[in-house]
Amino acid sequence: MNQSKPTIKTEKARQLREMRRRLEWTQQQMAEALGLDPSYLSQLENGRRKLDDWYLKKAGEFEKMKTANVFGNATPESFSLQATAEACLTYLTQFLTTCKDPAKVVWTYVELQEHFPLNKWAEAAEEDVSSKSPSVVTVPAPKPAGDSDRDRPKP
């Protein structure tokens with residue numbers, strides 16, 4: 001008796017395949033954009049693997065970006081970190097130049113400070129630069145007022 005593996009037929013599998021087709025991408029291209037092996041994507045699209053909602057959400061984002069023409073002709077390469085970072089900077093710049101509501105600008109500022117503190121990125125950048133170029137001199141952060149050597153009592 002030949003028992004084949006049961007297939008997990010779902011609506012999600014069909015949705016993922018249809019999104020890829022609307023994007024006019026091959027399975028190879030979609031797999032690259034989702035960070036998957038093409039054979040795994042094939043299994044997802046054919047219902048042989050359980051499809052996590054995250055993949056549908058990402059594919060939906062690709063479709064929205066193509067429709068909104070955020071990246072022009074959407075290709076998997078369009079969704080690289082560099083292209084995404086450039087799109088984010090463009091959006092942030094547009095927001096800051098067009099938003100006339102001071103409360104929204106302040107709210108954005110507070111959220112950015114809370115979730116993305118600059119000192120976190122500065123430390124990482126200093127480590128990255130110093131590891132790549134030994135001739136770079138790291139300048140220490142300025143001392144708070146009243147913390148200089150001349151303000152300390154002499155022993």
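# A tour from the pockets to the core

Start with helix α5, which provides the largest share of the lining of the largest pocket, five residues. Helices here are DSSP runs of H or I with at least four residues, numbered from the N terminus. A pocket is an open set of points on a 1 Å grid over the protein atoms alone, where a 1.4 Å probe fits, with protein on both sides within 12 Å along at least five of seven lines; its lining residues have an atom within 4 Å of a point.

This is a predicted model, in which local features need pLDDT of at least 70 and side-chain atom pairs count only at pLDDT 80 or more, while totals for chains, interfaces and linings use all residues. Residues are numbered from 1 along each chain as its sequence is written, and side-chain values use heavy atoms, with hydrogens and water left out.

**The largest pocket.** Select Cys88, Leu89, Tyr91, Leu92, Phe95, Thr108, Leu112 and Phe116, which line this pocket. At least two of the lining residues come from each of α5 (81-98) and α6 (102-115). The space inside is about 260 Å³, a volume being the space filled by probe spheres set on the grid points. Seven lining residues are nonpolar, one is polar and none is charged.

**The second largest pocket.** This pocket holds about 220 Å³ of space. Select Tyr109, Leu112, Gln113, Phe116 and Leu118, the closest to its centre of the 11 residues that line it. Two or more lining residues come from each of α5, α6 and α7 (118-132). Helix α6 gives the most, five residues. By class, the lining has nine nonpolar, two polar and no charged residues.

**The largest nonpolar core.** Next, select Leu16, Met30, Leu34, Leu36 and Leu41, which have the most contacts inside this core of 15 residues. A nonpolar core is a set of buried Ala, Val, Leu, Ile, Met, Phe, Trp, Tyr and Cys residues joined through side-chain atoms within 4.5 Å. Helices α1 (11-23), α2 (27-34), α3 (38-45) and α4 (53-67) each give two or more residues to the core. The largest share, four residues, is from α4.

Now centre on Met30. Not counting residues up to four places away in sequence, Met30 touches Met19, Arg20, Leu23, Trp25, Leu41, Ala59 and Phe62; contact means heavy atoms within 4.5 Å.

**Glu45.** Finish in helix α3, at Glu45. Is Glu45 buried or exposed? Glu45 is buried, with a relative accessible area of 1%; buried means under 20%, exposed over 50%, and partly exposed in between, with a 1.4 Å probe and protein chains only. Show the side chain of Arg20, with which the Glu45 side chain makes a polar contact (2.6 Å). Such a contact is a pair of N or O atoms within 3.5 Å; within protein, one must be able to donate a hydrogen and the other to accept it, and residues adjacent in sequence count only if both atoms are side-chain atoms.

Methods: Nonpolar A, V, L, I, M, F, W, Y, C, P; charged D, E, K, R; others polar.
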